[in-house]
Amino acid sequence: MYRQLLTGAAALALCVSLAACGQKAEETTDAAKTEAGQAVDQTQDAAGAAVGKGAGAVAAVSTDAFVKLAGTAGMYEIEASKIALKRSANSGVKKAAQAIIDDHTKAAAELKALVDGGKAPGPLPTALDDRNKGFIDNLNSATAADFDDRYLDQQTAAHNEALTAFKGYADGGDNADLKVFAAKTVPVLEMHKKMIEGLD
């Protein structure tokens, strides 16, 4: 992702250089806006990932926060991966996206059963928060050429965050049923992370 940011900065510098050589001002402005917009999207992803890691560590201490984070993360993973199935032209990315959909759908059903059965506090979130909506918007706005990189970068960050929260709760949570759920989900998240990193 940082390589992409540097590439964007270099392209922006090239646009300024071309303007100095007589390129039409409006063309340069449009190109600069496009590059700047992509850099902002990527920086927003990076900042969100950094915040997310910290949020995951805090959420592991609180049962209510863990349930909320697990529910929201599952919804985001499923929605983002459905977009990848439609937009990616890479068979490996599509295969990973389908595995993520299947596994997170199963985990979401298990978490819902715990909440519905009174073994975990609810309610579960029914919609994405603003941060994850922003990630979905970034995916939808990515160009075809940039989509796979954007999706894989987001998935790497999301799985790092989820692993922090799930491992933390499995080790130190105060709800026995949720601790079992978290511990059972960790290897699945690790498998997803490995699969994603192999594609990125």
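Me: Are F147 and Y151 buried or exposed?

Reply: The terms rest on relative accessible area: buried means under 20%, exposed over 50%, and partly exposed lies in between, with a 1.4 Å probe and protein chains only. In this structure F147 is buried, and Y151 is buried too. The model is a predicted one, in which local features need pLDDT of at least 70 and side-chain atom pairs count only at pLDDT 80 or more, while totals for chains, interfaces and linings use all residues. Residues are numbered from 1 along each chain as its sequence is written, and side-chain values use heavy atoms, with hydrogens and water left out.

Me: How many helices and strands does the chain have?

Reply: Both are DSSP runs numbered from the N terminus: helices are H or I with at least four residues, and strands are E with at least two. Here the chain has seven helices and zero strands, and the pattern along the sequence reads α-α-α-α-α-α-α. Of its 200 residues, 40% count as buried. Contact means heavy atoms within 4.5 Å; among contacts between residues at least 6 apart in sequence, 74% join residues at least 24 apart. Accessible areas come from the Shrake-Rupley method with a 1.4 Å probe, and for residues only the protein chains shown count as cover. The chain exposes about 10,300 Å², of which carbon and sulfur atoms supply 59%.

Me: How many aromatic pairs does a search of the whole structure find?

Reply: Rings of Phe, Tyr and Trp (its six-membered ring) pair if their centres lie within 6.5 Å; planes under 30 degrees apart count as stacked, over 60 as edge-to-face and the rest as tilted. The search finds five such pairs. F66 and Y169 form a stacked pair, at 4.6 Å centre to centre and with 15° between the planes. This pair links distant parts of the chain, since F66 is in helix α3 and Y169 in helix α6, 103 residues apart.

Me: Why does F66 count as buried?

Reply: F66 counts as buried because its relative accessibility is 0%. Y169 is likewise buried, with a relative accessible area of 0%. F147 and Y151 form another stacked pair, 6.2 Å centre to centre with 10° between the planes. Both of these residues lie in helix α6, four residues apart, which is about one turn of the helix. Ring pairs also link F66, F166, Y169 and F181 into a cluster.

Me: What volume does the second largest pocket have?

Reply: The search uses a 1 Å grid over the protein atoms alone, and a pocket is an open set of points where a 1.4 Å probe fits, with protein on both sides within 12 Å along at least five of seven lines; lining residues have an atom within 4 Å of a point. Grid points are joined across faces, edges and corners, and a volume is the space filled by probe spheres set on the points. The second largest pocket has a volume of about 230 Å³. It is lined by 18 residues, and A70, G71, G74, A108 and L111 are the closest to its centre.

Me: Which helices each supply at least two residues of that lining?

Reply: They are α3 (63-87), α4 (91-116), α6 (147-172) and α7 (176-199). Of the elements, α3 gives the most, with six residues. The lining divides into 13 nonpolar, four polar and one charged.

Me: Which residues does L111 touch, not counting those up to four places away in sequence?

Reply: L111 touches V67, A70, G71, L124, L178 and F181. L111 is placed in helix α4 and counts as buried, at 2% relative accessibility. The C-alpha atoms of L111 and L178 are separated by 8.1 Å, although the two residues are 67 apart along the chain.

Me: Where is a cis peptide bond found?

Reply: Most peptide bonds are trans. In this model a cis peptide bond joins G122 and P123, with omega about 0°, and P123 is found in the loop between α4 and α5. The C-alpha atoms of G122 and K68 are separated by 8.2 Å. K68 is found in helix α3 and is exposed, with a relative accessible area of 55%.

Conventions:
Ala, Val, Leu, Ile, Met, Phe, Trp, Tyr, Cys and Pro count as nonpolar, Asp, Glu, Lys and Arg as charged, and the others, Gly among them, as polar.
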